[in-house]
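Let's take a friendly walk through this model together. Have the sequence and the 3D view open as you read.

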Amino acid sequence: NTIVLLRYSNIFKFDKPKFLNSFFFYKFFFWVIDRVNLDRGLHFTSDSHGLIEEYSLLTDRLIHILPIPHTPPQRNDMSRFRTKTCCHFAYLGNARDEKGFELLPEAIKRCLAEVSLSNVHFTIQSKSAESADPCIKKAKQELAALDDKAVTIIEETLSTEDYYSLMQQADAILIPYRYYWYHARTSGIFSEALSLGKSFVMTKG
């Protein structure tokens, strides 16, 4: 048996060319499976009811819901990311445009213009691929130029222990994800932080 996990909402884009390309690709994909009878032991799943609704517009096949388990540890050593008594905001994960990373510099600047540096701190994980979009590279430069007393930049990939340590230490998690990409997708970072009782700052939608 083979399980196919349909995890990304890349069918319905809001600009017409991408919408048509994605629509016909997946329509053709399911048509080939039906015609060539490639579905023996093939099971389609998704971790989102929203994605199942989207893909169901392309095929009559049964798509099962299969949530991805997120099980953060109860407690970790948080000394590396401790920020004394100020309010601590954290952005976790890679620096990608779909996650709204390029929105962070302006948002942080506005916050720092209103709040004393001693009362707030931002920890931003900003690892990105060499082929990252120019807007991501620009955002990283702008973040690096901010006062390091208020902003800590983490360029490397965090170990599992450090990742959860940062999440646990933060008072609120930044989730500036683009509705364009995440209107039907799930977020592991959101699920994990929610299970730890964290607050969120996120984009509308």
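## A facing pair and its sheet

Phe89 stands opposite Phe122 in S5. Strands S4 and S5 run parallel and are joined by five bridges; two strands pair if DSSP finds at least two bridges between them. Helices (H or I, at least four residues) and strands (E, at least two) are DSSP runs, numbered from the N terminus. The model is predicted, so local features need pLDDT of at least 70 and side-chain atom pairs count only at pLDDT 80 or more, while totals for chains, interfaces and linings use all residues. Residues are numbered from 1 along each chain as its sequence is written, and side-chain values use heavy atoms, with hydrogens and water left out.

The open sheet here has five strands in the order S6-S5-S4-S7-S8, with parallel pairing. S6 and strand S8 (199–202) stand at the edges with a single partner strand each, so one side of each is left without a neighbour in the sheet. Direction ignored, neighbouring strands of this sheet are turned by 20° against each other on average.

## A covered helix

Now find helix H5 (residues 160–169), which lies across S4, S5, S6 and S7 and runs at about 140° to S4 (axes are lines fitted to C-alpha atoms, for helices over the stretch in contact, and angles run from 0 to 180 degrees between N-to-C directions). H5 is mostly covered, with seven of its ten residues buried (buried means under 20% relative accessible area, exposed over 50%, partly exposed in between, with a 1.4 Å probe and protein chains only).

Which residues of H5 are buried? They are Tyr163, Tyr164, Ser165, Leu166, Met167, Gln168 and Gln169. These buried residues pack against strand S4 (87–91), strand S5 (120–125), strand S6 (151–154), strand S7 (172–175) and H7, where contact means heavy atoms within 4.5 Å.

## Two buried residues

Ser126 lies in the loop between S5 and helix H4 (134–144). Ser126 counts as buried because its relative accessibility is 1%. Leaving aside neighbours within four places in sequence, Ser126 is in contact with Ala95, Phe101, Lys140, Ile153, Ile154 and Glu155.

Ala139 has its place in helix H4, and at 2% relative accessibility Ala139 counts as buried too. With neighbours within four places in sequence set aside, Ala139 is in contact with Phe101, Glu102 and Pro105. Ala139 and Leu103 are 36 residues apart in sequence and 7.8 Å apart in space, C-alpha to C-alpha.

S1 and strand S2 (residues 42–46) pair in the parallel sense over four bridges, and Leu5 stands opposite Thr45 in S2.

## The largest pocket

About 350 Å³ of space lies in the largest pocket. Of the 19 residues that line this pocket, Gly93, Lys99, Tyr163, Gly188 and Ile189 are the closest to its centre. A pocket is an open set of points on a 1 Å grid over the protein atoms alone, where a 1.4 Å probe fits, with protein on both sides within 12 Å along at least five of seven lines; lining residues have an atom within 4 Å of a point. Grid points are joined across faces, edges and corners, and the volume is the space filled by probe spheres set on the points.

Helix H7 (residues 188–195) gives the largest share of the lining, three residues.
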